[in-house]
Amino acid sequence: MNFQVAGLGLDKMKLDSPQPFLDTEEGEEVEDQQLLEPEAWSTYTERRNTLREFLASDLSPHLLRRHHARMQLLKKCSYYIEILPKHLALGDQNSLVLPNTMFQLIDPWKFQRMKKVGTAQTKIQLLLLGDLLEQLDRGRLELDSLLESPDPRPFLAGWGLVEQRLADLSAVMDNFLAMMVPGRLHIKHRLVSDIGATKIPHIRLMLSTKMPVMFDRKESVAHWDWVSLRWFVTIQPAVQEQFELRFKLLEPRTQQECMQCGVIPVAACTFEVHNLLPNRTYKFTVKRAESYTLVYEPWRDSLTLQTTPGPPEGLTPSQLGKPSLPLPAPTER
């Protein structure tokens, strides 16, 4: 019995003789295999698997996403110069000179010049990291397109170039990972002026990174005439840090409302700002307090909150509990 379907060419297919159906990928592999001798096909399969393994491990999409996330984090970090003793002076039996003591020996003008060098080096390092990450992204796309090529013969003929590309991308990845950690600052001139001492300490300068300060958007809440703010650092430092909180009223309507702004030094990760206007929008920013060793801080977190329209029902401002703190002295916005 013949099963006929007009126009589809199935009139010769017999129900009692089922034909095997191949999925698209298997069908393509059969067609590709017909283009090569058995030995060449074996070589092609082996090299194709090598490429697939590289893309699945060394250059996987998950790994690239992690590096992109890390890159975005580095763009928000703060960068500092760290002063470390290189080694003990000959015959010196004292303990290592502390960094605070070293600052007293370093020429201030020379140190400011080194801070400019540190700023430039940090900016260049971030630009290079971005460029290396783009190279990895492009390499991933190029190698993906090779796997999708319908003809295996160009793949085999150009395998030498593919191997070189794999080696180049591995080197790019190594450079990227090595550059993720801030390195040493190269000193061309002595930072310690001639102080007439017999022993001048040997020092080295390193760039160090501090994780960004970010608002806790779930815990930061606006009320009628005050806000409760909370922020955090991804990796908590060993010692308590000092922060600088700024706020200002957005779209002030009078000259007096322009005074609704300020800069507040804070020695904790929480703070309440009182004496605000109801039903108005304020912008808050937080960062670490200025440091003598800071060289680059390209980003600071900001948060916009709107106070509520009025006091809780049945209460007057004098019954709201905690007394209001005065606003800090107005500053330039």
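This is a predicted model: local features need pLDDT of at least 70, side-chain atom pairs count only at pLDDT 80 or more; totals for chains, interfaces and linings use all residues.

User: Is E251 buried or exposed?
Analyst: E251 is exposed, with a relative accessible area of 70%. The cut-off for exposed is over 50%.

User: And what's its phi?
Analyst: Phi of E251 is near 55°, which is a positive value in a residue other than glycine.

User: Where is N279, and what is its phi?
Analyst: N279 is in the loop between strand 9 (270-273) and strand 10 (281-288). Its phi is near 55°, a positive value, and N279 is not a glycine either.

User: How exposed is N279?
Analyst: N279 is partly exposed, at 39% relative accessible area.

User: OK, switching to helices. At what angle do helix 2 and helix 7 pack?
Analyst: Helix 2 (residues 38-57) and helix 7 (residues 159-179) pack at about 15°, and their axes are 12 Å apart. Angles under 35 degrees count as roughly parallel, so helix 2 is roughly parallel to helix 7.

User: Is that crossing left-handed or right-handed?
Analyst: The crossing of helix 2 and helix 7 is left-handed.

User: Which residues make the contact?
Analyst: From helix 2 you get R47, T50, L51 and F54, and helix 7 brings W159, L166, L169 and S170.

User: What classes are those residues?
Analyst: The contact of helix 2 with helix 7 has 5 nonpolar, 2 polar and 1 charged residues.

Note on methods:
Residues are numbered from 1 along each chain as its sequence is written. Side-chain values use heavy atoms; hydrogens and water are left out. Axes are lines fitted to C-alpha atoms, for helices over the stretch in contact, and angles run from 0 to 180 degrees between N-to-C directions. Helices (H or I, at least four residues) and strands (E, at least two) are DSSP runs, numbered from the N terminus. Angles under 35 degrees count as roughly parallel, over 145 as roughly antiparallel, 65 to 115 as roughly perpendicular and the rest as oblique. A crossing is left-handed if the near helix is turned anticlockwise from the far one by less than a right angle, and right-handed if clockwise. Contact means heavy atoms within 4.5 Å. Ala, Val, Leu, Ile, Met, Phe, Trp, Tyr, Cys and Pro count as nonpolar, Asp, Glu, Lys and Arg as charged, and the others, Gly among them, as polar. Buried means under 20% relative accessible area, exposed over 50%, partly exposed in between (1.4 Å probe, protein chains only).
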